[in-house]
Amino acid sequence: MGELVKFIAKSLVDNPDAVQINEIEGEQSIIIELKVAPEDMGKVIGKQGRIAKAIRTVVKAAATKEKKRVVVEII
Amino acid sequence: MREIIKTGKTVEEAINAGLIELGISRDMVDIEVIDEGSKGFLGLLGKQAIVKIIVKDVVKENVKKFLDGIIKLIGIDVEYDIDEKDNSILVNLKGNEVGLLIGYRGETLDSLQYLTSLVANKKNIEGIHKRILLDAENYRAKREKILINLANKIAKKVKQENRSITLEPMNANERRIIHLALQDDPDIETFSEGEEPNRRVTISLK
């Protein structure tokens, strides 16, 4: 699931090499921390969080296959 | 589609000259060798190499690259057709597991469409913003039909019962379908109220 977030983020930003992912896996949920270059923050958040919401929706759909709750946090 | 014909001492030289002229990198073009050229003898009777350099449709390539990556990483059995019309790129996803990419009320499909559009138009050398339309097993057309039927049914009820009726929350595109379906009804007016994502259409008498 982290790879999916990483791929989406890398596709959106101007500095793909600066994209970092940290996965914290619990019993029922996975927290995916996404870190991008400061100047790319807008590219993964968007106006009123529209891009972040779209990323979360797609990742949530992917997670239903694994029957786990996934939380994407942009830090 | 843009293409140029270039000549050079060798195929490689011709290609490089063309890429410099176009100002783009090798992965953004397709090459067709028209004549490989020949060295000749002692520089005499040599023939120039001729190549045709075709600039790839960058936006379309970006769409493919992005969707292929998503499908592979989610690990689902989904394929798609990709078509281009005017300034829109139309993608139709299909396969057994396509429902996963549609989501509740098309929520996932809309999100994926939005992300694809951002990625595809990001590095666009032609500078033309292309609209990306994602559909899955004709979900959008089916949904539109359902919404138009709903709008007409509710409008009838509004007239019969002489009261306003508020529909459930819908996204902007779905609300638009409702408004358009009833705009020509002389007795009915429609308006949206509330904040996203709980914005709802109300159908009432004029």
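**Exercise 1.** Find the salt bridge that the side chain of Lys65(A) makes with Glu97(B), and count the salt bridges between chain A and chain B.

*Solution.* Start with the pair: the side chains of Lys65(A) and Glu97(B) form a salt bridge, with N and O 2.8 Å apart. The term requires a side-chain nitrogen of Lys or Arg within 4 Å of a carboxyl oxygen of Asp or Glu. Then count: between chain A and chain B there is one salt bridge.

The model is predicted, so local features need pLDDT of at least 70, side-chain atom pairs need 80 or more, and totals for chains, interfaces and linings use all residues. Residues are numbered from 1 along each chain as written, chains are lettered from A in the order written, and side-chain values use heavy atoms, without hydrogens and water.

**Exercise 2.** State how much area is buried between chain A and chain B, and which three residues of chain A supply 30% of its share.

*Solution.* Buried area is the accessible area (1.4 Å probe) that two parts lose on being put together, summed over both. Here it is about 1700 Å², with 75% from carbon and sulfur atoms. Of the area that chain A buries against chain B, Phe7(A), Val58(A) and Lys65(A) supply 30%, more than any other three residues.

**Exercise 3.** Classify the aromatic pair of Phe7(A) and Phe66(B).

*Solution.* Rings of Phe, Tyr and Trp (its six-membered ring) pair if their centres lie within 6.5 Å; planes under 30 degrees apart are stacked, over 60 edge-to-face, the rest tilted. The count over all chains is one aromatic pair. The ring centres of Phe7(A) and Phe66(B) are 5.7 Å apart and the planes are at 15°, so the pair is stacked.
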